[in-house]
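Visitor: Could you take me through the salt bridges of this model, with a close look at which side chains pair up and where they sit?

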Amino acid sequence: MSELGPVAWPPAPIRTERLVLRASEARDRAAFIEVFASAEVRTFLGGALPREHLEQTVPEVPGRRPGLFVIELDGSMIGTVSFDRRDAERPGHVRAEAGEAELGYMFLPEAWGHGYATEACGAALDWFARTLPGEPVVLCTQTANTPSLRLAARLGFTEVERFEEWDAEQWFGTRSSATPSD
């Protein structure tokens, strides 16, 4: 998040049954490049970024910022989950002052279909609810992205509205941080 307030970052690693959510490390650089260069991963996120450009611009320790967790499985990064403040200028808000925490996630294609997204995002949402109790979390995804819509439902997000942005219909939902995931 651009502003975590009094929250110290990074927190201690979060361990689930199969995963570890932790701060980024230098060993994650190749996986970060893979995620951003993947046409599959970036289908609903504006398309793949050129690998050559990423090789030149991704820092030695990528994604080292408040609100971003690396998702690790058996010692290797398989994706990221993050909380960022939603820009007030963008459509979709649940508070008059805007700036809600927005959940984001990206996983390498080989990690799809194993329940890792539900497990990792659920753990991150539980951490958020304990850390910033009562603060809403929002999620926005293209309505064409049916796997993300299913994930949003599993995580307890409810639809607030739909709107057009980036030449596509967007689904916008919220989840109370007072409701830890099951």
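Guide: A salt bridge is counted here when a side-chain nitrogen of Lys or Arg lies within 4 Å of a carboxyl oxygen of Asp or Glu. The model is predicted, so local features need pLDDT of at least 70 and side-chain atom pairs count only at pLDDT 80 or more, while totals for chains, interfaces and linings use all residues. Residues are numbered from 1 along each chain as its sequence is written, and side-chain values use heavy atoms, with hydrogens and water left out.

By this rule there are 15 salt bridges. One of them joins R18 to E119, with 2.7 Å between the closest N and O atoms. This pair links distant parts of the chain, 101 residues apart, since R18 is in the loop between β1 (14-15) and β2 (19-22) and E119 is in helix α3 (residues 116-131); helices (H or I, at least four residues) and strands (E, at least two) are DSSP runs, numbered from the N terminus. R18 is partly exposed at 33% relative accessibility, whereas E119, at 18%, is buried; buried means under 20% relative accessible area, exposed over 50%, and partly exposed in between, with a 1.4 Å probe and protein chains only.

R22 and E72 also meet through their side chains, at 2.4 Å from N to O.

E169 is partly exposed, with a relative accessible area of 34%, and R162 is partly exposed at 43%. Elsewhere, salt bridges that share partners join R22, E25, R27, D28 and E72 into one network.
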